[in-house]
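Please look over the sequence and the structure first.

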Amino acid sequence: MPGVRLTLIAREVETPYSGMLPGFVAGHYGFHDIHIDAGRLTRRAGGRMFHDEAVGIDVAGKRVLCRGRPPVPYDVLSLDIGSRPNTGVPGAAAHAIPVKPIDGFLARFEALRTRVAAGASRHVLLVGGGAGGVELLLAVQRRLGGGGHMRFTLISGAAAILPGFPDAFRARFRAVLEARRIALRCGARVTAVDDGGVILAGGERIDADEVLWTTEAAPAAWLAETGLLLDAAGFLRVDARLRAVGHDDVFAAGDMVAFEPGGVARSGVYAVRAGPVLAANIRARLAGRAPRRWKPQRRALYIVSTGDRHAIATRNGLVAEGGWVWRLKDRIDRRFMARFNDLPPMPASVPARTRNAA
Ligand SMILES: Cc1cc2nc3c(=O)[nH]c(=O)nc-3n(C[C@H](O)[C@H](O)[C@H](O)COP(=O)(O)OP(=O)(O)OC[C@H]3O[C@@H](n4cnc5c(N)ncnc54)[C@H](O)[C@@H]3O)c2cc1C
């Protein structure tokens, strides 16, 4: 928009796409397949990028506080910082490997692979029985090798894996885990983690060399200090127009929000679908027009891969699986990434003759 300066503050220049993370871990994709170059994308949008981390917001002074630079003033703010697994269990932050932030996970997974290759780690345990956890552990097993010397365990605090998904979908994943000899413990709440494994409610100890952590999403702790209105779990409350409740100049979407009109699942599908309405409403705010409501779709297609080039999908209670489902997911994911990475060349900003002369 003429007269508007756009600034992106982001922790990473190369931004990972979680939908393809299990495929990267399994060895199907390379680093660039699963990362968006946010710097190039921002320049392309005529904006500037600050490679930094927001650590607070001065709402009254309209400034974002950063870890490594002076506060950044704003007229309109869009907060889209996602979530991380909840590592509030004693010892989890120190001893477990959380799946997010993903850049941290990738570095620690490389170190884990080195330990496995050296024979120092034989039992990998993952805590969290949601779609992300199940998919990630199957990918980890595929990469590390499910041979006789390695053991894998999935621990779910809920009574069954994949809560919220249709029974037929969950049954297929139970069968996959069994066929791959991944031990499954459901209804088991981890109450502590140390360097030798985990302790469950009730006192049982499970020894493990590596503990991966993909429990339910938790919001950034510093949001509590901003004065913005949060729900009981600490997620930012937003109205139907994706505005922070009570603040018409602060917008937010994705995993970090508590969507007031009826809630919405914390999944990438909904984060992405909110994008166009978020952008339209930010523009409307700058132009003095009325923002519009976001009406999240009620159903979504979920495709969860099984480590090899095979996946299981569900939508509307129906379930399908096969190599063709994985290829469909691969096509959808690659097309999504191409929208941000395969950018047409920038138009020349100086006449060609001047450039040649230079
Ligand atoms: C293994 C795994 C697989 C998944 N697969 C799927 C899937 O197939 N389909 C699906 O729908 N969902 C999937 N999800 C869920 C999905 O990851 C999230 O719902 C989605 O990423 C939410 O998008 P977001 O934009 O809100 O947050 P994110 O994608 O987490 O993006 C937030 C960004 O903000 C940056 N950031 C965070 N804090 C700060 C800060 N303070 N300052 C600056 N930058 C910051 C982060 O580094 C990150 O780049 C998966 C999750 C996992 C763990």
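**Domains**

Contact here means heavy atoms within 4.5 Å. By that rule, 18 residues of domain 1 are in contact with 18 residues of domain 2. The chain divides into domain 1 (7-84 + 219-297 + 336-341) and domain 2 (85-217), with bounds from an automatic or database domain assignment. Their C-alpha centres lie 28 Å apart.

The two domains bury about 1500 Å² between them, 70% of it on carbon and sulfur atoms; buried area is the accessible area (1.4 Å probe) that two parts lose on being put together, summed over both. On the domain 1 side, Leu 21, Val 25 and Arg 84 lose the most area to domain 2, together 41% of what that side buries.

**Basis of the model**

This is a predicted model, in which local features need pLDDT of at least 70, side-chain atom pairs count only at pLDDT 80 or more, and totals for chains, interfaces and linings use all residues. Residues are numbered from 1 along each chain as its sequence is written, and side-chain values use heavy atoms, with hydrogens and water left out.

**Ligand site**

Around the ligand are 25 residues, each with a heavy atom within 4 Å of it. Ser 18, Ala 54, Asp 255, Gly 268 and Val 269 come nearest. The shell draws at least three residues from each of domain 1 and domain 2.

A polar side-chain atom of Glu 12 lies 2.9 Å from a ligand oxygen atom. A backbone N or O atom of Ala 54 lies 2.8 Å from a nitrogen atom of the ligand.

How values were computed:
A polar contact is a pair of N or O atoms within 3.5 Å; within protein, one must be able to donate a hydrogen and the other to accept it, and residues adjacent in sequence count only if both atoms are side-chain atoms.
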